[in-house]
Amino acid sequence: MNYYAIQVKTRSEKKFIRLFKALYPEIPLPIHFPQRQLDIRSAGRLKHQNLPVFPGYLFIEASCDDEVIAYQWEFRRTEGFYRFLKSNKDITPLAKSDLELVLHFLNSSGLAAGRSKVYFNENARIVVVEGPMSGLEGRIVKVDKRKCRAKIKLDLYDDTFTIDLAFEVIGSLEPVKGR
């Protein structure tokens with residue numbers, strides 16, 4: 001299966017998907033919008049929000065290039081569409097590290113990526129046990145223990161950006177005696 005990235009108007013990703021499916025219900029291509037759960041404190045209240053992992057990007061799943069190319073004008077005519085990646089003239093599937101990164105956040109249930117379970121070792125370094133941050137430890141730029149968030153650096157095509165992912169501390173690693 002191949003995945004293709006399209007850039008749409010930021011904060012209008014869900015609207016684009018709804019509009020596209022309403023205008024072209026006969027097009028069978030699944031459109032993915034990876035999201036993450038984050039707790040935001042506002043006016044003293046804690047709100048659970050689903051935010052995009054890749055703001056302004058959607059991912060189309062297709063079995064071959066011909067499927068996406070056949071429907072490219074329908075995508076381009078939908079309000080909020082900006083471009084295919086790499087470009088509208090060179091529609092190419094995600095490859096290598098870009099594909100691995102997108103597949104890391106896509107899950108079959110369609111739910112937002114939740115909290116990762118972590119602990120801090122004797123050097124105060126974060127160790128991810130499970131969750132969306134597993135495998136991304138080398139990309140962690142900053143850890144905010146008070147807010148239980150880690151800032152992660154992501155690269156998609158030639159664009160680099162950072163996002164916050166939530167974590168839950170499950171304890172700390174006690175040093176082993178006798179070493």
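Start at the largest pocket, which holds about 240 Å³ of space (a pocket is an open set of points on a 1 Å grid over the protein atoms alone, where a 1.4 Å probe fits, with protein on both sides within 12 Å along at least five of seven lines; the volume is the space filled by probe spheres set on the points, joined across faces, edges and corners). The model is predicted, so local features need pLDDT of at least 70 and side-chain atom pairs 80 or more, while totals for chains, interfaces and linings use all residues. Numbering runs from 1 along each chain as its sequence is written, and side-chain values use heavy atoms, without hydrogens and water.

Next, select the lining (residues with an atom within 4 Å of a point): Leu38, Asp39, Ile40, Arg41, Leu46, Arg115, Arg146, Lys147, Cys148, Arg149 and Ala166. Strand β3, residues 35–42, gives the most, 4 residues (strands are DSSP runs of E, at least two residues, numbered from the N terminus).

Now click on Arg149, in strand β10 (residues 149–156). Is Arg149 buried or exposed? It counts as buried, because its relative accessibility is 15% (buried means under 20%, exposed over 50%, with a 1.4 Å probe and protein chains only). A polar atom of the Arg149 side chain sits 2.7 Å from the backbone oxygen of Asp39. Beyond neighbours within four places in sequence, the contacts of Arg149 (heavy atoms within 4.5 Å) include Lys142, Asp144, Asp164 and Phe167.

Last stop: the open sheet of 4 strands, ordered β2-β5-β1-β6 with antiparallel pairing (two strands pair if DSSP finds at least two bridges between them). Its edge strands are β2 (31–32) and β6 (81–84). Zoom in on Gln7, whose bridge partner in β6 is Arg83.

Definitions and conventions: A polar contact is a pair of N or O atoms within 3.5 Å; within protein, one must be able to donate a hydrogen and the other to accept it, and residues adjacent in sequence count only if both atoms are side-chain atoms.
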